[in-house]
Amino acid sequence: MKAFILCFGLILMHIGQAAPRLVSSIYPLQQIAEAISGEPVGLIADSPLSVHTYRLTPKDARQIAEADIVIWVGEVLMPQLNKYIARRQDKGLITVAKLPKIKLLAADRQPNQHEQDNHGHNNHLQKENAEHHHSHEHFSYDPHLWLSTDNAAVIAEAISEALIAADAPNTPRYQANLAAFKAELTALHEDLISQFESAPPPPYFVFHDAYAYFEQEFGLSHQGLVRTHAGQSPKARQIVNLKKQLTAAQQACLFKEPQFRSPIINKLSDNTTVKVATLDPIGYRQPGDGYAMILRRLANALSNCRQTQ
Ligand SMILES: [Zn+2]
């Protein structure tokens, strides 16, 4: 019986060519890939925990080995994927940070800069061109690159090209899906521009520096960070500084993230007028799936974080 099912499966695969198996490293890339392929896409960091510290399971390793196309940001975001990706020897691989048209922002991880800098955080961010990045293997870019609609379009194009290369008979379908997704991105960009015009966020502090792409696209900037490195707790001196800023800030907002346990948030917000809310840079498994919803939820959290009293 087993043999029969196996044979039957193989026959079916040959009749209608099976869709390429895609696997993505993180939820936002999975959402983009599903929009282009029209099929379910595998997810490696399938967990509500931080992708920075996510630990691979044997199932993840198998998915990476068996997929026709693997989509990941690159080693800055998830170095723990390196050895599994290397085994594929560039076969069916989309490394988003290396796509020629992707926009990369420099990582701004000098611990002292944030403490001295209460104004125009974006001043530190420089556009780095792709050549520059390619020639410096260890150029430290900000890896949260999916939070830009321009980058989402570049990622979608790369996925569409890879799908067409692997499954040429379905070219019209992939092209139509790409066109629809790009139209959705254009609408998303315009909607959020007008949303922030009518409801600009109050002064806000974020948990970790994950939002530079989003902030640059929509002309926003945070006042401070709880963690300068995603995996590192702030030092006592940083906490004191931040508490001072939060106490001085009027009608400010302090964002925690669902990926991090953050008892420190209470300590920081106690005896201040700060309102605490949640921002989720990954948007993991929220209702209302789709890439656009990840950005819309970020925008709503920012716009809606106003003091009610
Ligand atoms: Zn992060």
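These are my notebook entries on a predicted model of one protein chain.

**Ground rules**

I number residues from 1 along each chain as its sequence is written. In this predicted model, local features need pLDDT of at least 70 and side-chain atom pairs count only at pLDDT 80 or more, while totals for chains, interfaces and linings use all residues.

**Overview**

I looked up the secondary structure and got twelve helices and ten strands. Helices (H or I, at least four residues) and strands (E, at least two) are DSSP runs, numbered from the N terminus. Of the 309 residues in the chain, 38% are buried. I call a residue buried if 20 or more other C-beta atoms lie within 10 Å of its own, exposed if 12 or fewer, and partly exposed in between, with C-beta atoms placed from the backbone. Next I checked contacts, meaning pairs whose C-beta atoms, placed from the backbone, lie within 7 Å. Among contacts between residues at least 6 apart in sequence, 63% join residues at least 24 apart.

**The core**

I went to the largest nonpolar core, which has 79 residues; Ile32, Ile36, Ile71 and Ile159 touch the most other members. Domain 1 (18-189) and domain 2 (200-307) both contribute residues, so this core lies between them. A nonpolar core here is a set of buried Ala, Val, Leu, Ile, Met, Phe, Trp, Tyr and Cys residues joined through C-beta atoms within 7 Å. The domain bounds come from an automatic or database domain assignment. Leaving aside neighbours within four places in sequence, I found Ile32 in contact with Ala152, Ile155, Ala156, Ile159 and Tyr291.

**Helix α7**

Helix α7 (residues 149-166) has 18 residues and reaches 26 Å from first C-alpha to last, close to the 26 Å expected at 1.5 Å a residue. The expected span is 1.5 Å times one less than the number of residues. Its buried residues include Ala152, Ile155, Ala156 and Ile159. The buried residues of α7 pack against α2 (27-37), β3 (69-72), β4 (93-95), α8 (171-198), α9 (212-218) and α12 (291-304).

In α10, I list Leu242, Gln245 and Leu246 as buried. Why do I put them on one face? Seen down the axis of α10, they fall within an arc of 95°, so they line one face of the helix. The arc is that of the directions from the helix axis to the C-beta atoms. On the other side, Ala236, Arg237, Val240, Lys244 and Ala248 are exposed. The buried residues of α10 pack against β7 (204-208), β8 (224-227), β9 (253-256) and α11 (264-269).

For α3 (residues 58-66), the buried residues are Asp60, Gln63 and Ile64. They cover an arc of only 95° around the axis, which puts them on the same side of α3. Pro58, Lys59, Ala65 and Glu66 are exposed on the face turned away.

**Loops**

I found Tyr284 in the loop between β10 (275-278) and α12. Is Tyr284 buried or exposed? It is buried, with 20 other C-beta atoms within 10 Å. Not counting residues up to four places away, Tyr284 touches Tyr27 and Pro48.

Gln89, in the loop between α4 and β4, has a positive phi near 50° without being a glycine. Gln89 is exposed, with 7 other C-beta atoms within 10 Å. Asn271 sits in the loop between α11 and β10, with a positive phi of about 60°, and is not a glycine either. Asn271 counts as exposed, with 10 C-beta neighbours inside 10 Å.

Notes. Two residues are in contact if their C-beta atoms, placed from the backbone, lie within 7 Å.
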